[in-house]
Amino acid sequence: MFKRIGLAALIATLLAGSGGLVPQPVSAAGETAEVWITTSDPNTEPAVGLSAGARLTRIGDKSFSSATGSSDYTITINEGTTYQQMDGFGVSLTDSSAWLLNYKLNAAKRAEVMEKLFGNTGIGLSVLRQPMGSSDFTWSAYTYDDTAGDTSLGQFTISRDLPYIVPMVKAAIAKNPGIKVFASPWSAPAWMKYSGTLNGGKLKAEYYQTYADYFKKYIQAYQAQGIPIYAVTVQNEPMYETGAYPSMGMNEQDETGFIGDYLGPTLQNAGINTKIIAFDHNYLNWSFPNTVVQNLKNSGKASYIAGSAFHHYDSGDGSQMTSMHNAHPDKDIWFTEGGFGTWNDPQNGTSQGFDNMITEFINITRNWSKSVILWNAALDQKDGPALLSAYNTNRGMVTIQNSDNSNSNPENNVTYTKQYYLLGHFSKFVVPGAYRIQTNTSNDLKNVAFKNPDGSKVVVAYNPQTSTKNVKIQWGSQSFIVNVPAKSVMTYKWYGNPS
């Protein structure tokens, strides 16, 4: 497709080319921005030409110009000031999610769903966080070596993952070859723990090296399947032990010692460059990873730790990640699990869940996180299968009808939840390697902006108010004004250099 550019920009481009230089991007004058919208359900004031409930819908493009006009708010983009570089946006293909995708959809429907989740015509999810063994969303509790006393790990195997988990991860990578895979254990094998059970308890001191070897064998086994492991977290939610599903407690000293004396050296000696990430738990307890990172620095072992990971299951607002960044600006931050259910996404006809979700996504990225990873990619109409089925209120990114527990008879009934569309406002436009760039923001008009490796700019803006607001997007000396309906999110994407 040809793009109209101004005469000055055309001359500059031709002159640059005549000197053997790389042609420069066009300037802002006349540059057009794509505009995409999702409205809350129900929408109190639909955009012109849209019915309530528009979902990641492209509407009329906007053109930058030097003309001025009045607006309720101005978002000023400064691409000269950058923050964290993004790894991407994604989900977890849990045991439950992979089983539903593999067995409850026929080949054609499965290909359609995977394209919508991971493909270029879908929302292009670029990160996966995979449980190492079972989590709470699984058919049965297991690890990769449940043979008691097998300190040589001779019985280690990922065979439990091969029928449908590994194939679904491969299918995602086939759609988006640049996907980064994170991995997190819910528990070490029961025989390595003082409790002797998967559900709760702590790792025995004498098995620290064995457990480090367990990580190494997992990474190597997945690599052999064509699935590189980009990063591992030491323990999912180390401050929470439960008798209801696999879990394991680790305190700051446990993680410091395991990373610095065992896991870090083991991976390094094996030539494995997988990142090691601490914590993997809630915002308000950020002193935990702060202590781990500082302890490793004090002992001269900081090279083993890449940074820290966070979840949102408390009353924190994400600013704790900025506190962690300020304490250790040389270490990265990731948001690795965000679940949505009755506690934070009510289905009572209000916009409360919509508001909470998009606000969180904006806050997470504005607080130095390199990723936003949601929880289950898919769950059924009962929010399962899960070990906590009687108490579970989580929802998947997609809902797949499941009328029985058999590995047959695909039903092909798929519903996309608001998680899909709202995360899509980021993942469809912001690609791995993008940098967050500076914008002004307020609670009256929330926003965040990015610059992609190809130079394109992306702004995600949310109007939390109950009436439409006129918003000016100011970029250099150029701008455009757009009407943002009440309780609606918009994404703007454009190319070029600011004039």
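Analyst: A residue counts as buried when its relative accessible area is under 20%. That cut-off comes first because several steps below rest on it. The model shown is predicted.

Tyrosine 144 and phenylalanine 156 are both buried.

A search of the whole structure finds 39 aromatic pairs. A pair of aromatic rings is described by the distance of the centres and the angle of the planes.

Start with phenylalanine 64 and tryptophan 475. Their ring centres are 5.0 Å apart, and their planes meet at 55°, so this pair is tilted. Where do the two residues lie? Phenylalanine 64 is in the loop between β2 (57-63) and β3 (73-85), while tryptophan 475 is in strand β22 (residues 469-475). The pair therefore ties together parts that are 411 residues apart in sequence. Phenylalanine 64 has a relative accessible area of 2%, so it is buried. Tryptophan 475 is buried too, because its value is 1%.

Now return to tyrosine 144 and phenylalanine 156. This pair is also tilted, at 5.7 Å centre to centre and 50° between the planes. Both residues sit in the loop between β5 (127-132) and α4 (165-175), so the parts tied together are 12 residues apart in sequence.

Next comes the nonpolar packing. In soluble globular proteins, nonpolar side chains tend to be buried together. Here the largest nonpolar core has 106 residues. Which members touch the most others? They are Phe118 and Phe361. Helix α5 (residues 208-224) gives this core its largest share, 9 residues.

Leaving aside neighbours within four places in sequence, phenylalanine 361 is in contact with Phe340, Val372 and Leu374, among others. Its contacts also include Leu422, Leu423 and Phe426.

Helix α9 (residues 352-366) holds threonine 359. Threonine 359 is buried, because its relative accessible area is 12%. Beyond four places in sequence, threonine 359 is in contact with Lys446 and Tyr462.

UniProt, in an unreviewed entry, lists residues 433-492 as "domain: Glycosyl hydrolase family 30 beta sandwich". Over residues 433-492 the chain is 0% helix and 62% strand. The end C-alpha atoms of that stretch are 18 Å apart.

Now the barrel. Its 8 strands close in the order β4-β5-β6-β8-β10-β11-β12-β14, and the pairing is parallel. From one strand to the next, the twist averages 25°. Strand β10 (residues 275-282) and strand β11 (residues 307-311) run parallel and are joined by 5 bridges. Phenylalanine 279 has alanine 309 in β11 as its bridge partner.

Tyrosine 230 is in the loop between α5 and β8 (231-233). Leaving aside neighbours within four places in sequence, its contacts include Asp87, Lys180, Val181 and Phe182. Tyrosine 230 is also in contact with Thr274, Lys275 and Trp334. Tyrosine 230 and proline 289 are 59 residues apart in sequence and 20 Å apart in space, C-alpha to C-alpha.

Notes
Residues numbered from 1 in each chain as written. Predicted model: local features only at pLDDT ≥ 70, side-chain atom pairs only at ≥ 80, totals over all residues. Heavy atoms only, no water. Helix = DSSP H or I, 4+ residues; strand = E, 2+ residues; numbered from the N terminus. Buried < 20%, exposed > 50% of the residue type's maximum accessible area, 1.4 Å probe, protein only. Contact = heavy atoms within 4.5 Å. Pairing = 2+ DSSP bridges. Axes fitted to C-alpha atoms, helices over the stretch in contact; angles between N-to-C directions. UniProt positions renumbered as here; feature names shortened; annotations may be inferred. Core = buried A, V, L, I, M, F, W, Y, C linked by side-chain atoms within 4.5 Å. Phe/Tyr/Trp six-rings, centres within 6.5 Å; stacked < 30°, edge-to-face > 60°.
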